[in-house]
Every structure is written in C-alpha cells, then in structure tokens.
Amino acid sequence: MNPCPCGYYGDPTHECTCSASFVARYRQRLSGPLLDRIDIHVEVPRVEYEKLADARRGEGSAAIRARVEEARERQRMRFRGLRTLANGEMGPAEVHRFCEVDEAGHALLRAAMRQLNLSARGYHRILKLARTIADLAGSERIQVAHLAEAIQYRPRALQL
Ligand SMILES: [Zn+2]
C-alpha cells in the first residue's frame, strides 16, 4: 500500500500534502487484526533512477535459491513425523519446542513486546519468522540478530 493518499508520506525529497487525520483514516482501512496476520512489513522508499540504472548486482538468484532450498530442507528435517511442513505453520506448542531463545533474546523480546504493544499472535509470529531467518543463515540456534530482524518486520506505529 502507499504510505498515504498522495504517496509521499516519509519521502525525503517530496513533501506529503495529506493532513494527519487524512493519513490516519487512510491507514485504518487496513484493520489492526488484519495487519497482525501479515508476517513481514517493510517500508519501501521510492527508488531514484540512478539506483535502478546502477549495474552492480546484489546476491544472484541462483545463490538465493540454494540458500532457500537449504532452509526448506532444515525445516523438513525439523518437522519429520509431524503434520507441520514449514516454520510458518507452527502452532504454539511447536513454537515453544523449536524456537528456543537465550537470555539476551528474551530480554530483546520483552522490550519489543512493550514497545510494539504486541499481541500473543504477534509474539509467536516474530519467533516463527526469527526461526526462518536463522534457517536461512544456516544457524541451528535463533540468535539475537535473527530476533532483531524479525522484530523489525512488525508494523510500526504511525508517527505524525
Ligand atoms: Zn501524503
């Protein structure tokens, strides 16, 4: 979705012409419970032509594909004998069993729960996403960096 009706809210080079209440009303069209069910929220800034035209490449798709296949294989092994196929399908009991975090991770989660006013669903969503981020990184343990990345994908409160 656009950040606001005119599309320039938060843009560093163009001014947004929408009033605060207009932006708030626009965002409310997506309800909280619906937003809560979306795993990954990312703010995507407008891209300048120069950046699009830049010939330098990031990680190639073949390398990414290999990494994703490895992560899927880890999940297949993890859920052997269970009906769950992938991290995103874990129920609360499986989250408890497969998404262990250390003391530093718990401290970060506690702070995030407070600051983001997370629901229980939001909390489990972060753990499942952190599990996948760890799998993609080839890490058996969920590390603080994986949790931090997952937390960053929760929607942030509107700053008006
Ligand atoms: Zn606007």
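Predicted model: local features only at pLDDT ≥ 70, side-chain atom pairs only at ≥ 80, totals over all residues.

Colleague: Is cysteine 6 buried, partly exposed or exposed, and how do you know?

Modeller: Under 20% relative accessible area is buried and over 50% is exposed, with partly exposed in between. Cysteine 6 has 28% relative accessibility, so this residue counts as partly exposed.

Colleague: What makes the nonpolar surface patch, and where is valine 42 placed?

Modeller: The patch is made by Ile40, Val42 and Val44, and its area is about 300 Å². Valine 42 is in the loop between α2 (32-36) and α3 (49-53). With 54% relative accessibility, against a limit of 50%, valine 42 counts as exposed. Valine 42 and tyrosine 153 are 111 residues apart in sequence, but their C-alpha atoms are 6.0 Å apart in space.

Colleague: Why is the contact between arginine 125 and aspartate 39 called a salt bridge?

Modeller: The term requires a side-chain nitrogen of Lys or Arg within 4 Å of a carboxyl oxygen of Asp or Glu. The closest N and O atoms of arginine 125 and aspartate 39 are 2.7 Å apart, so the pair qualifies. Arginine 125 lies in helix α7 and aspartate 39 in the loop between α2 and α3, so this pair ties together parts that are 86 residues apart in sequence. Arginine 125 is buried, because its relative accessible area of 16% is under 20%. Aspartate 39, at 33%, is partly exposed. In general, side chains of opposite charge can pair when their charged atoms come close.

Colleague: How many salt bridges does a search of the whole structure find, and which others can you name?

Modeller: The search finds eight salt bridges. Among them is the one between glutamate 59 and arginine 67, whose closest N and O atoms are 3.1 Å apart. Glutamate 59 has a relative accessible area of 45% and is partly exposed, and arginine 67, at 34%, is also partly exposed. Another joins the side chains of arginine 74 and glutamate 140, at 3.0 Å from N to O. This pair links distant parts of the chain: arginine 74 is in helix α4 (residues 61-78) and glutamate 140 in the loop between α7 and α8, 66 residues apart. Arginine 74 is partly exposed at 26%, whereas glutamate 140 counts as exposed at 54%.

Colleague: How do you know whether aspartate 135 is buried or exposed?

Modeller: Aspartate 135 has a relative accessible area of 2%, which is under 20%, so the residue is buried. Aspartate 135 is placed in helix α7. Apart from neighbours within four places in sequence, aspartate 135 is in contact with Ala71, Arg74, Gln75, Arg78 and Asn87.

Colleague: Is histidine 146 buried or exposed, and on what grounds?

Modeller: Histidine 146 has a relative accessible area of 8%, again under 20%, and is therefore buried. This histidine is found in helix α8 (residues 144-152). With neighbours within four places in sequence left aside, its contacts include Ala130, Ile133 and Ala134.

Colleague: Finally, why is asparagine 117 called exposed?

Modeller: Its relative accessibility is 67%, which is over 50%, so asparagine 117 counts as exposed. Asparagine 117 lies in the loop between α6 (103-116) and α7 (120-136). Although not a glycine, asparagine 117 has a positive phi of about 55°.

Note on methods. Residues numbered from 1 in each chain as written. Heavy atoms only, no water. Buried < 20%, exposed > 50% of the residue type's maximum accessible area, 1.4 Å probe, protein only. Patch = residues over 30% accessible without salt bridge, like charges linked within 9 Å, V, L, I, M, F, W, Y side chains within 5 Å. Areas by Shrake-Rupley, 256 points an atom, 1.4 Å probe, with all protein chains shown as cover. Helix = DSSP H or I, 4+ residues; strand = E, 2+ residues; numbered from the N terminus. Contact = heavy atoms within 4.5 Å.
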